[in-house]
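Work through the exercises below with the sequence and the model open. Try each task before reading its solution.

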Amino acid sequence: ASEEDIEFEENEKILAYHGPHIYEAKVVRKETRSDALGAKVPMYLTHYSGWNKSWDEWLQEDRVLKYNEKNLAFQARLQNARKSKRRGKDKSRPKEPEVDHASKRRRGERSLASSSGDDGGVGNEVLTIRLPDKLKLKLIDDWNWITRESKLVSLPRKTTINDVLADYTESTKGQGPAAESLVSEVTNGLKVYFEATCGTLLLYKQERQQFSDLKKRKELCNVYGPEHLLRLLVKLPSLLTHANLDERSIAHLTRCLQDLTKFLLTKESQLFPANAYEQAS
């Protein structure tokens, strides 16, 4: 049998992906569980060596590697490649010039639909969010409705960003205090980022008058819905490029955001209906 066919045993020493990094870990327990789409798959309760057990989590086989020389060498190459890339970027990156709000606005009007890379992920070497194909298609549909069909998302949305994040938070209950604290921190952070960047980075030019009519509202997360939340997820890696995050924080953030995209995928048909758009007046 190939290495991919080998199941992992309880108490086995392994290597496990956590965000973009690989850490030494141990299988605490194994059992068949439901994934985000409801399919029954083998999963492993994993403890990361040196981490508090509150960060133990259930992993599917695509995040678990055998602890052997081949995979240890791969782990080392991955770490070295990331360090070299970061050093090279730090040396070559010019100081970012100050820009006015008009410049930021023009930059934000570039096509959001084209922001995801060919490899299926969006972001840079610091943080990567992999969008499922169905959600990438929703971004393209969103761009098409607004820029080609002269339509706008009907606001306020019946299902708002606050609603989506509240439902996601509820779906994660029972995963332990550390995981629940992480979800709360990340969802609150997403709200803050959305309020701060909506008007300058997340709108097409066709939406500016609509935004101007709505900006007296106190909380934009109670006005906009899943379409604009998805745009924020695309932009978030670049927004966090200069954030002061250590590797563990990046790993935790990546895990939570990836889980959020899986949640959006499971609710895709009800969160992104075509009738959410109306003809612009």
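**Exercise 1. Overview**

How many helices and how many strands are there in the chain?

Solution. The model is predicted: local features need pLDDT of at least 70, side-chain atom pairs count only at pLDDT 80 or more, and totals for chains, interfaces and linings use all residues. Residues are numbered from 1 along each chain as its sequence is written, and side-chain values use heavy atoms, with hydrogens and water left out.

Step 1: count the elements. The chain has nine helices and nine strands. Helices (H or I, at least four residues) and strands (E, at least two) are DSSP runs, numbered from the N terminus.

Step 2: Of the 281 residues in the chain, 41% are buried. Buried means under 20% relative accessible area, exposed over 50%, and partly exposed in between (1.4 Å probe, protein chains only).

Step 3: look at the contacts (heavy atoms within 4.5 Å). Take those with a separation of 6 or more: residues 24 or more positions apart account for 70% of them.

Step 4: The chain exposes about 15,600 Å², and carbon and sulfur atoms supply 48% of it. Such areas come from the Shrake-Rupley method with a 1.4 Å probe; for residues, only the protein chains shown count as cover.

**Exercise 2. Helix 3**

Find which residues of helix 3 are buried, and what they pack against.

Solution. Step 1: locate the helix. Helix 3 covers residues 133-147, which is 15 residues. Its first and last C-alpha atoms are 21 Å apart, close to the 21 Å expected at 1.5 Å a residue. The expected span is 1.5 Å times one less than the number of residues.

Step 1: list the buried residues. They are Leu135, Lys136, Lys138, Leu139, Asp142 and Ile146. Viewed down the axis of helix 3, they fall within an arc of 150 degrees, so they line one face. The arc is that of the directions from the helix axis to the C-beta atoms. An α-helix has 3.6 residues a turn, so residues three or four places apart point the same way.

Step 2: check the other side. Asp133 and Lys134 are exposed there.

Step 3: name the partners. The buried residues of helix 3 pack against strand 8 (151-153), helix 7 (226-239), helix 8 (247-266), helix 9 (268-271) and strand 9 (277-279).

**Exercise 3. Helices 4, 5 and 8**

Work out how helix 4, helix 5 and helix 8 are oriented in pairs.

Solution. Two packed helices are described by the angle between their axes and the distance between the axes. Axes are lines fitted to C-alpha atoms, for helices over the stretch in contact, and angles run from 0 to 180 degrees between N-to-C directions. Angles under 35 degrees count as roughly parallel, over 145 as roughly antiparallel, 65 to 115 as roughly perpendicular and the rest as oblique.

Step 1: pair helix 4 (residues 161-171) with helix 5 (residues 177-201). Their axes come within 10 Å and cross at roughly 170 degrees. The two are therefore roughly antiparallel. Ile161, Asn162, Leu165, Tyr168 and Thr169 of helix 4 make the contact with Val183, Thr187, Leu190, Lys191 and Phe194 of helix 5.

Step 2: pair helix 5 with helix 8. The angle is about 75 degrees, with the axes 10 Å apart. This makes helix 5 roughly perpendicular to helix 8. Residues that meet include Leu182 and Val186 in helix 5 and Leu253 and Leu257 in helix 8.

Step 3: pair helix 4 with helix 8. The angle is about 105 degrees, with the axes 11 Å apart. Helix 4 is thus roughly perpendicular to helix 8. Among the contact residues are Val164 and Ser171 of helix 4 and Phe263 and Leu264 of helix 8.

Step 4: check the loop between helix 4 and helix 5. Thr172 lies there. Thr172 is buried, at a relative accessible area of 3%. Not counting residues up to four places away in sequence, Thr172 touches Glu180, Val183 and Asp259.

**Exercise 4. Backbone details**

Which peptide bond is cis, from Leu155 to Pro156, and where does Pro156 sit?Solution. Step 1: read omega. For the bond from Leu155 to Pro156, omega is near -5 degrees, and the bond is cis. Pro156 is in the loop between strand 8 and helix 4.

Step 1: read phi at Asn11. The value is near 75 degrees, positive in a residue other than glycine. Asn11 is in the segment before strand 1 (13-18). Asn11 is exposed, with a relative accessible area of 56%.

Step 2: read phi at Ser150. Phi is about 55 degrees, again positive although Ser150 is not a glycine. Ser150 is in the loop between helix 3 and strand 8. Its relative accessibility of 42% counts as partly exposed.
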